[in-house]
Amino acid sequence: MYLDQCSDTALTLFNSWIERKSEYIILDVKTTGLDGDSEIVEIAIIDLNENPLFETLIKPVSLIPEEATAIHGITNEMVENAPSWPEAWNLIQDILCACKIILIYSADF
């Protein structure tokens, strides 16, 4: 009974996403680590039709630790000529502000 209610709730939520998919975007980032001082080294934004809206590497202020590179594969050499966060923000803020709901992959990171 409880599982049926959970399934019904999940299905209702999923259907609301499909009906209003133009209102959503999905944001994903890769970072230099998991602590409060971590910096974004890659950001990607897609819509629910899987169309890429924006993607770029980002040059952090600090070096990318080997432990982070081992997880996501992004090296200091790869971000050497990438835009800084303020430069990237100027490019993505209109995308983020134009949508109603932002879904964030791995938001805890």
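What is the accessible surface of the chain, and what share of it belongs to carbon and sulfur atoms? The accessible surface comes to about 7800 Å², and 57% of it belongs to carbon and sulfur atoms (Shrake-Rupley method, 1.4 Å probe). This is a predicted model, in which local features need pLDDT of at least 70 and side-chain atom pairs count only at pLDDT 80 or more, while totals for chains, interfaces and linings use all residues. Residues are numbered from 1 along each chain as its sequence is written, and side-chain values use heavy atoms, leaving out hydrogens and water.

**View 1. Order of helices and strands in the chain.** Three helices and four strands are present, in the sequence pattern α-β-β-β-α-α-β (DSSP runs: helices H or I of at least four residues, strands E of at least two, numbered from the N terminus).

**View 2. The largest nonpolar core.** Ten residues form this core: I25, L27, I43, I45, F54, I58, A88, I92, L96 and C99. Such a core is a set of buried Ala, Val, Leu, Ile, Met, Phe, Trp, Tyr and Cys residues joined through side-chain atoms within 4.5 Å; buried means under 20% relative accessible area (1.4 Å probe, protein chains only). At least two residues come from each of β1 (24–31), β2 (40–47) and α3 (85–98). The most, three residues, come from α3.

**View 3. Surroundings of I58.** Leaving aside neighbours within four places in sequence, I58 is in contact with I40, V41, E42, I43, V79, A82, P83, S84, W85 and A88 (contact: heavy atoms within 4.5 Å). Another core, of six residues, lies apart from the largest one and includes V41, A68, V79 and A82.

Technical notes
Buried means under 20% relative accessible area, exposed over 50%, partly exposed in between (1.4 Å probe, protein chains only).
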